[in-house]
Amino acid sequence: MQDLSAAFWRAETPYVLGGALLLALLLLQALKDDRATIARTLLLFGALLLLDLLQAGLARSAPWGLARGLLLLVQLGYLLVLFRLICLALFRWLLPALRRPLPRIVEDVVLISGYLLLGMVSLSRAGVELNSLVATSAVVTAVIAFAMQDTLGNILGGLALQGDNSLKIGSWVKLDDVTGRVVEIHWRYTAILTRNGERVVVPNAVLMKNKFVVIDPREDGAASWRRWIWFHIDYAVPPSRVIAAAEHAVIDADIGNVAREPAPSCVAADFTPGALRYALRYWLIDPRDDDPTDSAVRAHLLAAVQRQGWRIALPDQVVHQVIEGESHREAVRQQELAQRLKALAGVDLFSGLSADEHRQLAERLRPTPFASGDVMTRQGAQAHWLYIIASGQADVWWEAPDGERRRVATLSSGSVFGEMGLMTGEPRSATVVARGDVDCYRLD
């Protein structure tokens, strides 16, 4: 028993055991997100202790070479465990606490290099001549290097990407058909999490050889990405009117994630068969919501185009052939006229008109749709028409001279506003904003 204890309890044993356990306990308290890694390291440490006891038991009975080999293996394992715990303490605890965090790939490279160095030192202690080993295995080394060229390329690529700060955790990137946020950068690959919840693994060598786009959200909340919304309008409409209407469709509306500065802008981009191609450009604040924000901008743009009485142009090669009888067209017209007469019936201003006058008035109503957040009329603006809400709701806001803004009413289906502007032309007394999609009739 005394021989067994002497073979197991060597001069360095208390330092190895004490250092590893103390460091592991400290890391378990400090690094809650890395407890699984620390637990696996402790599990390996426990296996090494059992192997150490086994070599101590075999020290007297087994051949000397077997016991010596087990001892060298156990000592190497202890060194690797301690080195792993030290790297965890340095890279994931100490440096972040000092606000000097390093990329994870640096930790991976240091770990691999350290493991190789410790392995060579252990071989040297075992009596292996490293110089002769390297000289006699040159061919093997060349074959291994050739076989691992992709792996080496990934390692060097990851170091280069991190070294020149091309990528960092949290960056929003576009690579071919993949768009997402960088969540991991390892020695072999970079992981990108898409909006669909897909975790795309891209080898670092691929990133080094191909072009990719990095969109970093600004910490101050400012705009970080300009988006382009394409649409076509017939040549008969003056471009200046289209540009002004498109810009105000976004500027006047309250659309989340659309930056006020720089302001949205519209340009006539190209001549196409049958229509002029326009681009509405706006600045996106958070790239994570690009598609939903594009959708909201398109909805406001379409409502603005329809309010002007225009249509989104279709390519000339698209032919619409509708065969309808006169009776069908008349039925559709009468149905629309009935809806307008129903809207007019709720307006006290026109209650004294005759049925024929109501009909003439209904024929002059103009459909005017609004998208959610659109300013339907603005306080202080000059106007000469009224609005009849056919469906939807709108909020009425009053702005005091000192700039205070207060909601004073909510208008619903059947409500009328703007009658004083129609009759006298006086400025609007309040601002009306569409709460959701609103269908209106406008009377000039």
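The chain's secondary structure comes to 14 helices and 16 strands, where helices (H or I, at least four residues) and strands (E, at least two) are DSSP runs numbered from the N terminus. This is a predicted model: local features need pLDDT of at least 70, side-chain atom pairs count only at pLDDT 80 or more, and totals for chains, interfaces and linings use all residues. Residues are numbered from 1 along each chain as its sequence is written, and side-chain values use heavy atoms, without hydrogens and water.

Colleague: What share of the 444 residues is buried?

Modeller: Buried means under 20% relative accessible area, exposed over 50%, partly exposed in between, with a 1.4 Å probe and protein chains only. Of the 444 residues in the chain, the buried share is 37%.

Colleague: How many disulfides does the rule count?

Modeller: A disulfide here is a pair of cysteine sulfur atoms within 2.5 Å. Cys-87 is buried at 3% relative accessible area. Cys-266 is buried at 5%. The disulfide count comes to zero.

Colleague: What span does helix α2 reach from its first C-alpha to its last?

Modeller: Helix α2 covers residues 13-30, so 18 residues. The expected span is 1.5 Å times one less than the number of residues. That gives an expected 26 Å, and α2 reaches close to it, at 26 Å.

Colleague: Which exposed residues does the face of α2 turned away from its buried side carry?

Modeller: The buried residues of α2 are Thr-13, Val-16, Leu-17, Ala-20, Leu-23, Ala-24 and Leu-27. They lie on the same side of α2 because they cover an arc of only 155° around the axis, taken from the directions from the helix axis to the C-beta atoms. The face turned away carries the exposed Tyr-15, Leu-22, Leu-25 and Gln-29.
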